[in-house]
Amino acid sequence: PVVMVAQLAGVSAAYLIGRRGGLPLIQVYGKYIFISHKDLHVAQKAFEKHGGPIVVVGSFIPGIQGLVGYVAGITEMNYGRFLMFVFAGKLVWIGGLLTLGYVLGSHLGYIDRSIRQIGVVILAAAIILGFWYVRRHQRHKGAKLED
């Protein structure tokens with residue numbers, strides 16, 4: 001229960017920050033973290049169309065978990081609806097982890113080794129995607145300057 005309360009408090013704070021000042025801040029400073037107006041527009045449209053499922057799935061993905069609240073606030077998703085989807089996602093996430101721990105508890109050494117190996121691959125992929133993203137935005141910015 002404490003974990004769930006902490007998770008809900010964190011995403012609620014992110015939601016309020018996004019709702020109160022997120023969009024103007026991103027419009028002004030987003031370029032410094034490689035968020036273009038086009039990226040923001042695409043994210044807003046996707047969130048408006050599929051906001052609930054994005055919140056549920058976003059509750060599972062480390063790194064994305066922290067961003068879901070900001071985007072929900074920026075797109076002015078109903079706070080009660082947002083909390084309902086976050087609660088559902090966190091319940092599945094935390095419940096799934098607890099169940100996995102119970103069922104696979106006797107195999108933790110094997111699981112730890114496997115996760116470390118998979119983690120290296122995921123980290124390498126994330127670094128490559130990060131470089132690709134930055135490079136794409138630098139090229140796009142250069143193309144605009146030439147026009």
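**Exercise 1. How many aromatic pairs does a search of the whole structure find?**

Solution. The model is a predicted one, in which local features need pLDDT of at least 70 and side-chain atom pairs count only at pLDDT 80 or more, while totals for chains, interfaces and linings use all residues. Residues are numbered from 1 along each chain as its sequence is written, and side-chain values use heavy atoms, with hydrogens and water left out.

Step 1. A pair of aromatic rings is described by the distance of the centres and the angle of the planes. Rings of Phe, Tyr and Trp (its six-membered ring) pair if their centres lie within 6.5 Å, and planes under 30 degrees apart count as stacked, over 60 as edge-to-face and the rest as tilted.

Step 2. The search of the whole structure gives 3 aromatic pairs. One of them joins tyrosine 15 and tyrosine 79, a tilted pair with 5.0 Å from centre to centre and 50 degrees between the planes. Tyrosine 15 belongs to helix H1 (residues 2-29) and tyrosine 79 to helix H4, so this pair ties together parts that are 64 residues apart in sequence.

Step 3. The rings of tyrosine 15 and phenylalanine 82 have centres 5.1 Å apart and planes at 25 degrees, so this pair is stacked. It links distant parts of the chain, with tyrosine 15 in helix H1 and phenylalanine 82 in helix H4, 67 residues apart. Tyr15, Tyr79 and Phe82 form one aromatic cluster.

**Exercise 2. Determine whether tyrosine 15 and tyrosine 79 are buried, partly exposed or exposed.**

Solution. Buried means under 20% relative accessible area, exposed over 50%, and partly exposed in between (1.4 Å probe, protein chains only). Tyrosine 15, with a relative accessible area of 3%, is therefore buried, whereas tyrosine 79, at 33%, counts as partly exposed.

Definitions and conventions: Helix = DSSP H or I, 4+ residues; strand = E, 2+ residues; numbered from the N terminus.
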